[in-house]
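Trainee: I would like to go through the interfaces of this model. Can we start with the domains and then move to the chains?

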There are 6 protein chains.
Amino acid sequence: MSTVPVLSDDALQPQVKAVFDDIRATRRTDRINNFWRALAAADAQLLQSTWTEVKQVMGEPGALDPLVRELIYVAVSVANGCSYCVHSHTAAARARGMSEAQYAELLAIVGLAAKTNHLATALQVPVDAAFDAQAR
Amino acid sequence: MSTVPVLSDDALQPQVKAVFDDIRATRRTDRINNFWRALAAADAQLLQSTWTEVKQVMGEPGALDPLVRELIYVAVSVANGCSYCVHSHTAAARARGMSEAQYAELLAIVGLAAKTNHLATALQVPVDAAFDAQAR
Amino acid sequence: MSTVPVLSDDALQPQVKAVFDDIRATRRTDRINNFWRALAAADAQLLQSTWTEVKQVMGEPGALDPLVRELIYVAVSVANGCSYCVHSHTAAARARGMSEAQYAELLAIVGLAAKTNHLATALQVPVDAAFDAQAR
Amino acid sequence: MSTVPVLSDDALQPQVKAVFDDIRATRRTDRINNFWRALAAADAQLLQSTWTEVKQVMGEPGALDPLVRELIYVAVSVANGCSYCVHSHTAAARARGMSEAQYAELLAIVGLAAKTNHLATALQVPVDAAFDAQAR
Amino acid sequence: MSTVPVLSDDALQPQVKAVFDDIRATRRTDRINNFWRALAAADAQLLQSTWTEVKQVMGEPGALDPLVRELIYVAVSVANGCSYCVHSHTAAARARGMSEAQYAELLAIVGLAAKTNHLATALQVPVDAAFDAQAR
Amino acid sequence: MSTVPVLSDDALQPQVKAVFDDIRATRRTDRINNFWRALAAADAQLLQSTWTEVKQVMGEPGALDPLVRELIYVAVSVANGCSYCVHSHTAAARARGMSEAQYAELLAIVGLAAKTNHLATALQVPVDAAFDAQAR
């Protein structure tokens, strides 16, 4: 159940169709995830700007490996409690070659970080002066 | 201001001293972060088990590069809103060689993930059947 | 699946029945949402105090338009990751006249705010002195 | 203390200077908030794309009043626990005319939404069929 | 730095003064925390209703021990990342007799829960049928 | 739908089987929750270390009553928005004797804490000097 209809491929308006075509060409698959179909139902402009940003941040060559980018994306999605995003980006990480050993380490890091995040917040630990970027 | 004193090196109980010695030996630095000093004040046992876990998950050879592990740690800490952890793990990532270009990409991914996390939650997008691990 | 039964209209205790009657009269509908039915199963007193607060904060005349109040409610519910609340308050916003264009803008703002929230937290930006309320 | 230096106006690179000039012209003030100064230090490209998005989403004419947009922004920032963002967008809402009565109502709604968000999550209330957008 | 002034005891309006008097009498201390002083500056009505709720939920005799209530309050405040609340309710728990051993266990539970929360969310574990309250 | 298969009892590897046997013996039930079955599918080592920690923190004699520990666990799970954990630990609290009156109070405290957490964050209330642990 979603707050907007999840659009099928019938009768798409041109701006949405153009984005869907670009997703298919970029990802070399015919499948369009429900996220894009729901976003298209909500607002074609938001669909286009979000896809453009995803394509650029996650797809263009850069300083981080594409798999590493997906691991970071999964980590944020878990911490934000976004069920859909956890599923879609775990699948994306696997599609980019995440091994089961890497997945196990990702889980261990996310779990440990959550634990120490809560401990540091509980203790209200003052930030060490050595971490000051201005002083570097 | 913290909820417990941040212990100095004076008059540490033996279990705490042993952990601090191990942190210094493992990290090849004389400095002990406030997190460990506050945790030591709260509970020596929790200090020891937490350090053991950090040392194992973040330090032992594995399937993920040590820098990648720190990037994931920073990402979780940001999403959990832990100020201390953001500072300490951003510093740790830099100590492990994070370039400014890598940091810029980390920020862009974390920001984008937060945006799409909120959009997917707002739209309550149903999870695609294709993401079902049981069906793989 | 819920942690308590979702009460039907049979055999309600008097305090619960009085609240349900007031919800029906106030909202001019015969339907009682599952939230109130579950809360009623958990505790009649908590049901009554929560409904009283909702009725007063969301329903009484005030400085903010009823639709604006619902938009704010949706925004908080998304950020808190409450699936039920996102559904119920998106529906409430529509019932109060939210247009699809307004919904699209709400989504864009919530997504952007999440992005800059995470960026500001990642960078640990110091608060500008100009924002000091004491100095106004 | 931030993870990057907060740039002063000295010796800015051209891309950053152009964004700062546009912020000043758009907002009709000489002051540039620390958020933009820190983001500039992290990455000029991320600064530019973020400012472009903020300017478009928050500044262009649309279906929601500029003040209403800021109220939504504050609400998300509170729920995400972003201290900097709460300060800067509360100030922005006041600059756009938020009265003290409106602020009091905003606080009451945010507090109430947080309470019912937690209650609905605690009870794991099943979503009512009436909220199904597909069925509208 | 706060978004509203933190009121001193001078020239309080009668509704605020009455609440402050009741806080002093109820808690048997002359000190009024900054939370109440800031809330008073924002809205006298919100101050009064919030204090009434705190007094009733945290102070009246009930099924849970007053110390246990404060431990739960601290736990929620940590998970929500509310720095002020962590400080004030950790102090309140100590004032109600929390021993250092109890505090150490609270920290261990909060840290462990955060870890397993993130693991369960990362794995998207389906809820066991045995947890269904309707079937009890 | 989960990101890994939920393992049945067939053909478990020895390390997993040993943990499952210990869970059954410790909890005196034949049932193994889906959380452990999914974690086992992800990583036997993470399963073992997580179970060891749960058994120690939640099961060994200590300064807090076992039921109180579960109430704290539920509170953290609600605030972190972990649906699975809310279900499993609410059931665990009931198994340890949580009465309906205690559950109602837990809900009231969690809801109230969420409300004041958001109010304190919205107001950015400065921490009172009296809460300083160093000064105790």
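Mentor: Chain A is assigned domain 1 (11-60) and domain 2 (63-125); such bounds come from an automatic or database domain assignment. This is a predicted model, where local features need pLDDT of at least 70 and side-chain atom pairs pLDDT 80 or more, while totals for chains, interfaces and linings use all residues. Residues are numbered from 1 along each chain as written, chains are lettered from A and ligands numbered from 1 in written order, and side-chain values use heavy atoms, without hydrogens and water.

Trainee: What distance separates the centres of domain 1 and domain 2 of chain A?

Mentor: The centres are taken over C-alpha atoms. For chain A, the separation of domain 1 and domain 2 is 24 Å.

Trainee: How many residues does each of these domains of chain A give to the contact?

Mentor: Contact means heavy atoms within 4.5 Å. Domain 2 of chain A gives five residues. Domain 1 of chain A gives seven residues.

Trainee: What area is buried between domain 1 and domain 2 of chain A?

Mentor: Buried area is the accessible area (1.4 Å probe) that two parts lose on being put together, summed over both. Carbon and sulfur atoms give 52% of it here. The total between the two domains of chain A is about 530 Å².

Trainee: How many salt bridges link domain 1 and domain 2 of chain A?

Mentor: A salt bridge needs a side-chain nitrogen of Lys or Arg within 4 Å of a carboxyl oxygen of Asp or Glu. Between these domains of chain A the count is zero.

Trainee: Now the chains. What area is buried between chain A and chain B?

Mentor: The contact takes 65 residues from chain A and 66 residues from chain B. Carbon and sulfur atoms give 70% of the buried area. That area is about 6000 Å².

Trainee: How many salt bridges are counted between chain A and chain B?

Mentor: Take one salt bridge between the chains: the side chains of Arg69(A) and Glu105(B) meet at 3.8 Å, N to O. The count between chain A and chain B is six.
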